[in-house]
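Please look over the model below, in which the chain is shown with its sequence.

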Amino acid sequence: MKKLSSLTGPQKIIEGLCAATLAGMILGPVLFRGRLPDRIPGHYNSAGEIDRWTGKWELLLLPVFSVLMYLFLSFCCRLIGESVRKGELPRSAYTWIAGTKLVVIGTFALIEWHSAAARPVGTWLLPADSALLAVLMTGFLISALRFARKQKEEQG
């Protein structure tokens, strides 16, 4: 992950939202443990319906997975940041990948929220997630291709 001071405004917002979401995911189950139902959804199918039930202790796994995904995607952002500094990728490349990080962390938070309430997530989650991630990946690829074409035109 880049140093927070070297991030642009949108990147600082994305990192702040990710940090706040992760903090909420960690603190929520701990602070509201007494209010959680004893049995919560342990898994959802592609239609957002509950297809496995478990004990509320499993709710603590979602923040762990979220932190691991955050660290992995932060590592990807670091690699992209290096390529941006070397002039191999456009400045927007980091923001596209950081946006992906926000969508992934937000999805885990949403699943945790619905699990804590012992309710299905709904049929909209998978298509919405897929659409958001497709937009982010397409944006990244388009910006990288335009940047490469511009670099090639400047050299040739």
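This is a predicted model: local features need pLDDT of at least 70, side-chain atom pairs count only at pLDDT 80 or more; totals for chains, interfaces and linings use all residues.

Q: In what order do the elements of the chain run from the N terminus on?
A: The chain holds 4 helices and 2 strands, and its C-alpha atoms fill a box of roughly 65 × 35 × 20 Å along the principal axes. Read from the N terminus on, the order of these elements is α-β-β-α-α-α.

Q: What share of the accessible surface of the chain belongs to carbon and sulfur atoms?
A: Of the 156 residues of the chain, 36% count as buried. The accessible surface of the chain comes to about 9500 Å², and the part of this surface that belongs to carbon and sulfur atoms is 68%.

Q: Which element gives the most residues to the lining of the largest pocket?
A: The largest pocket has a volume of about 420 Å³, and of the 24 residues that line this pocket, the closest to its centre are G42, H43, Y44, L62 and I111. Two or more lining residues come from each of β1 (39-44), β2 (50-55), α2 (61-85), α3 (92-116) and α4 (125-155). With 5 residues, the element that gives the most to the lining is β1.

Q: Where in the chain is the place of A118, a residue that has a positive phi although it is not a glycine?
A: Most residues other than glycine have a negative phi. A118 has a phi of about 55 degrees, and at 26% relative accessibility A118 counts as partly exposed. The place of A118 is in the loop between α3 and α4.

Q: Is S143 buried or exposed?
A: S143 lies in helix α4, and its relative accessible area is 13%. Residues under 20% relative accessible area count as buried. Because its value of 13% falls under that cut-off, S143 is buried.

Q: Which residues is S143 in contact with, leaving aside its neighbours within four places in sequence?
A: The C-alpha atoms of S143 and N45, which are 98 residues apart along the chain, are separated by 34 Å, whereas a contact requires heavy atoms within 4.5 Å. Once the neighbours within four places in sequence are left aside, the residues in contact with S143 are P90, S92 and W96.

Definitions and conventions. Residues are numbered from 1 along each chain as its sequence is written. Side-chain values use heavy atoms; hydrogens and water are left out. Buried means under 20% relative accessible area, exposed over 50%, partly exposed in between (1.4 Å probe, protein chains only). Accessible areas come from the Shrake-Rupley method with a 1.4 Å probe; for residues, only the protein chains shown count as cover. On a 1 Å grid over the protein atoms alone, a cavity is a set of points where a 1.4 Å probe fits but cannot get out, and a pocket is an open set with protein on both sides within 12 Å along at least five of seven lines; lining residues have an atom within 4 Å of a point. Grid points are joined across faces, edges and corners, and a volume is the space filled by probe spheres set on the points.
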